[in-house]
Amino acid sequence: KTPDVLFERNTVLDLAGTEVHLLHLGAIHSSSDTVVWIPSDKVLFAGDIFADCSLPMSLEGGKKWIKVMDYILDELQPEIIVPGHGEVYDRARAENQREYFKSLIEQVEKNFNPTIKNDELIAKIDVSKYIDHRPRLAWVMAANGMIGELRKRK
């Protein structure tokens, strides 16, 4: 069957007696992110909002992303998160990703000054406790994007 439901804001569907919430979260990883929440099972289909290969490429985007993670983890409190790529997340893995984003942003902001070279700032960042199951150098691309954003502001 082809899709026949369009929605512009949060929507609740009844699928054979199971409530399924379509939560429109705005531009987080893509230009328009929607997650699927099944409250009775505490399962969230998160797309790339939670995925080991996903990282914010800007400070503003990263801070917005963290707010969405806060909503998901603190308000919805899923037990299982199905990402857009990779292995299913449990709560601990999702918390680890949120802390990873927070740590990266904090370290970029703390170590930035207008005269520091990107590679010098990146050498000061330690995210080793977050990348055991994530792409090892993806955070460098993200940090470079954040540094570029800070340079434009100065």
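Reply: A search of the whole structure finds 11 salt bridges, where a salt bridge is a side-chain nitrogen of Lys or Arg within 4 Å of a carboxyl oxygen of Asp or Glu. This is a predicted model, in which local features need pLDDT of at least 70 and side-chain atom pairs count only at pLDDT 80 or more, while totals for chains, interfaces and linings use all residues. Residues are numbered from 1 along each chain as its sequence is written, and side-chain values use heavy atoms, with hydrogens and water left out. As a general point, side chains of opposite charge can pair when their charged atoms come close.

One of these bridges joins the side chains of Lys 63 and Glu 109, with 2.7 Å from N to O. Lys 63 belongs to helix α1 and Glu 109 to helix α2, so that this pair links distant parts of the chain, 46 residues apart; helices (H or I, at least four residues) and strands (E, at least two) are DSSP runs, numbered from the N terminus. Lys 63 counts as partly exposed because its relative accessibility is 32%, and Glu 109 is partly exposed too, at 33%. Here buried means under 20% relative accessible area, exposed means over 50%, and partly exposed is in between (1.4 Å probe, protein chains only).

Another bridge is formed by the side chains of Arg 98 and Asp 74, at 3.2 Å from N to O. Because Arg 98 lies in helix α2 and Asp 74 in helix α1, this pair ties together parts that are 24 residues apart in sequence. Arg 98 is buried, at 5% relative accessibility, whereas Asp 74 is partly exposed, at 38%. Both residues also belong to a network of salt bridges that links Asp 70, Asp 74, Arg 91, Glu 95 and Arg 98.

Glu 149 is buried, with a relative accessible area of 16%, and Arg 153 is partly exposed, with 45%.

At 13% relative accessibility, Asp 52 counts as buried. Its side chain makes a polar contact of 2.6 Å with the side chain of Tyr 89 and one of 2.3 Å with that of Arg 93. A polar contact is a pair of N or O atoms within 3.5 Å; within protein, one must be able to donate a hydrogen and the other to accept it, and residues adjacent in sequence count only if both atoms are side-chain atoms.

Helix α2 (residues 91–111) also holds Val 108, which is buried because its relative accessibility is 0%. Leaving aside neighbours within four places in sequence, Val 108 is in contact (heavy atoms within 4.5 Å) with residues including Leu 121, Ala 143 and Leu 150.
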